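Okay, thanks everyone, let me put this one up on the screen.

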Amino acid sequence: PAPRSPRDAVGQSAVMAGAGGPRSPLPLLLALALLSPWGTVAGGTCPTRCICASNILSCSRVALSVVPSPLPRFAAVLDLSHNNVSRLRADWTPGRLAHLHALLLSHNGLSFVSTEAFAHVPHLRHLDLSSNRLRVLEENLFSDLSELEVLLLYNNEISTVDRTAFENLNRLRKLYLGQNRIARFPLELLRDGSRLPRLALLDLSANNLRSLPVGELQALPAWLRDRLYLHNNPLACDCQLFQLVARGRRRGLSAVMDFQEELRCSMPAAPAPVAILALDGRAPLNCSEAQEAVLEAHLGDNVALSCDTRLRGVRSRHWVTPGGERVLEEGGNGSAALLANGSLQLRALRPEDTGVYTCWVAGPLLNETLYVELLVHNFTLHGPHDTLNTAYTTLVGCILSVVLVLIYLYLTPCRCCCCRGAEKPPAPRDDSINSSVLSATPNHATGVPGEPSRSRSASPTGPGQNGRFKVGGTPQVPPRHLKAQRKVSDPDSVSSVFSDTPIVV
């Protein structure tokens, strides 16, 4: 009989060989290929010194100098960390790894990555290049990774970041650039949200940043500022930086609350960096807490944002719009103008004018910052009147509907006696619905077939009354050809509720 499994096939081949049967190795090789999960039938072989478990390939800490080849084409996770792979060329994997979604290359001394290195792994979602020796992020380095979500580049020697290095990363959510040598804040990653629209975390801690675009950072959404890590940078102290950090503390942003001690800056005459939050009232800057106000307006309005400072002898002041534009002189840029009293006038408001406007004031002894949050409602001043008109119309419609219902219930024409003659006699019913409540005689028909039934609730009315009974109240005798006697009741007869005596009219 045929073997039930490949293992049985191996055993049967061995038995045949021991019994002097055919010694062809083909059945044995086929059975071994079926038994191996990484055999040629399965789509690849497990590289030497690597551990293969299902679709996970781990080659960590095995002193590799190059990426092993070939790699199983169905590998989903490839761990090459803690090796000696110093260069990642374009041909590190000759075949396309369509299922690979995680590539780990940390702690390799990696100093070069080809701009075509990720062409064969288009579905990568997690890339770890941390703790290496990368110095430059070349142009369009990661442009082939359109599905990348997490990119780890911390603990390298990166000092130059090309402005197009992160092009086409529309799904990137977390970017770790901490512990590098970056001296320029990569504002292009945050501006307008067009470069990285889904970015929710940017780590730039422990770099060489000496200044920050404070106005642009103030205009960022709160959910992004909550995950913008800037601690352990040699920042220069000024009141704008203090206001940025103080406002983050006031709003409970985790990037500030969790790293208050590491958020430090350098003073010109101080021997060591000081805490940024300690600049409040400290000479020589004498920074003060910011004031905040909220102003609401509508589309097309002209508004003036007041810079109501408490300082005397103001030396200079300027405004910063939510988009990071500085308004320094009277006249402004057409839509925003600085007035003589220091207020900022905005003309013909648009929806994009919504945001936080910052007024920086420099005094002789103290510097002050004021924030004005402008909310532009997406309708004109006529919007509330239109809403009132709609409500009034709805109310009139409801009242009219109620009137029509009342007319239908109470003013419909009654069914008079003159209209009853043309009607067909109603179908007989078993019981009279208008029988006397105290009547002891039931209204059910009790006569024998062929005899008309009589009801006590049928009052002897005059001739033709109600169009139901003849003179004497005698009910009409049905035709004799009917097989069964039908029960007769008078739903329109009126009986006294408290007496068995019929009312005779």
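So, the link of C46 and C52 is right-handed, with 90° about the S-S bond. Keep in mind that this is a predicted model. The sulfur atoms of C46 and C52 sit 1.9 Å apart in that disulfide. Are its two ends buried or exposed? C52 is buried, at 19% relative accessible area, and that is because the cut-off for buried is under 20%. C46, at 27%, comes out as partly exposed.

How many disulfides are there in the whole structure? The search turns up four. Let me take you through two more of them.

Next up is C237 with C265, again a disulfide, with 1.9 Å between the sulfurs. The torsion about that S-S bond is about 95°, so this disulfide is right-handed. What I like here is the connection: C237 is in the loop between β14 (235–236) and α5 (239–250), while C265 is in strand β15, so to speak a link between distant parts of the chain, 28 residues apart. And C237 and C265 are both buried.

Then there's C239 with C287, S to S 2.0 Å. Which hand does this one have? Its torsion is about -95°, so it's left-handed. Here too the pair ties together distant parts of the chain, 48 residues apart: C239 belongs to helix α5, and C287 to the loop between β16 (274–275) and β17 (291–298). Both of these cysteines, C239 and C287, are buried.

One more cysteine before I move on: C398 has 45% relative accessibility and counts as partly exposed.

Take Y229 and F259: they're edge-to-face, 5.8 Å centre to centre, with 85° between the planes. Where do the two rings come from? Y229 is in strand β13 (residues 228–229), and F259 is in the loop between α6 (254–257) and β15 (264–266), so we have distant parts of the chain linked, 30 residues apart. Y229 is buried, with a relative accessible area of 15%, whereas F259 is partly exposed at 24%.

If you'd like a cluster, look at F118, F142 and F166, which form one aromatic cluster.

And last, a charge over a ring. Which residue lies over the face of F112? That's R87, at 4.4 Å from the ring centre.

Okay, that's my tour, happy to go back to any of these on the screen.

Note on methods
Residues numbered from 1 in each chain as written. Predicted model: local features only at pLDDT ≥ 70, side-chain atom pairs only at ≥ 80, totals over all residues. Heavy atoms only, no water. Phe/Tyr/Trp six-rings, centres within 6.5 Å; stacked < 30°, edge-to-face > 60°. Helix = DSSP H or I, 4+ residues; strand = E, 2+ residues; numbered from the N terminus. Buried < 20%, exposed > 50% of the residue type's maximum accessible area, 1.4 Å probe, protein only. Lys NZ or Arg CZ within 6 Å of the ring centre and 35° of its normal. Disulfide = S-S within 2.5 Å.
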